[in-house]
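Here is a short report on one protein chain. It covers the surface, the fold and the cores.

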Amino acid sequence: MRYLLMIYTAAQTWGRPAFLRTPEALALREEGRAELAAQVEALIQEIVESGELIGGEALADPVTSKTIRVRGGAPVTTDGPFVAAGEHLAGYAVVDCESTERAMEIAARFPDARFAAVEVRPVMSSSGEEM
């Protein structure tokens, strides 16, 4: 089953990796921040080697985005993301796991889950079936 892991962060901590720019991570000693970065590298290596990682990318700063809505048959464009919350989508990973529990386990191991949020959502095919 495929899952989209959506990594969120606050706009003020934007950068790559975002979790290292959070107040909590900045309060850590350099060794603590290095350990967080090492944890991500180890996790990525693990899920690449297991064949669970399908792909993923970090996203550019949300101030560079555009939001499009079609109203009255005409496209209306606004700058930036459309979010009511203080967190923005910072990046994503697509994983292929045996279970939802495994996808959640992987998501929880991203340091971003400690400082903001990682959403886990099943991916569906165009016919509406879970992949």
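## Surface and charge

The chain exposes about 8100 Å², with carbon and sulfur atoms supplying 54% of that area. Areas come from the Shrake-Rupley method with a 1.4 Å probe, and for residues only the protein chains shown count as cover. This is a predicted model: local features need pLDDT of at least 70, side-chain atom pairs count only at pLDDT 80 or more, and totals for chains, interfaces and linings use all residues. Residues are numbered from 1 along each chain as its sequence is written, and side-chain values use heavy atoms, without hydrogens and water.

There are 12 positive and 20 negative side chains. Lys and Arg count as positive, Asp and Glu as negative; His and chain ends are not counted. The centres of the two sets lie 7 Å apart, with each charge placed at NZ of Lys, CZ of Arg, CG of Asp or CD of Glu.

## Fold

The chain has 4 helices and 6 strands. Both are DSSP runs numbered from the N terminus: helices are H or I, at least four residues, and strands are E, at least two. The order is β-α-α-β-β-β-β-α-α-β. The C-alpha trace spans about 55 × 35 × 20 Å along its principal axes.

## Cores

Buried residues (under 20% relative accessible area, 1.4 Å probe, protein chains only) make up 29% of the 131 residues. The largest nonpolar core has 13 residues. Such a core joins buried Ala, Val, Leu, Ile, Met, Phe, Trp, Tyr and Cys residues through side-chain atoms within 4.5 Å. Strand S1 (2-10), helix H2 (30-49), strand S5 (87-96) and helix H3 (100-109) each supply at least two of its residues.

Note on methods:
Buried < 20%, exposed > 50% of the residue type's maximum accessible area, 1.4 Å probe, protein only.
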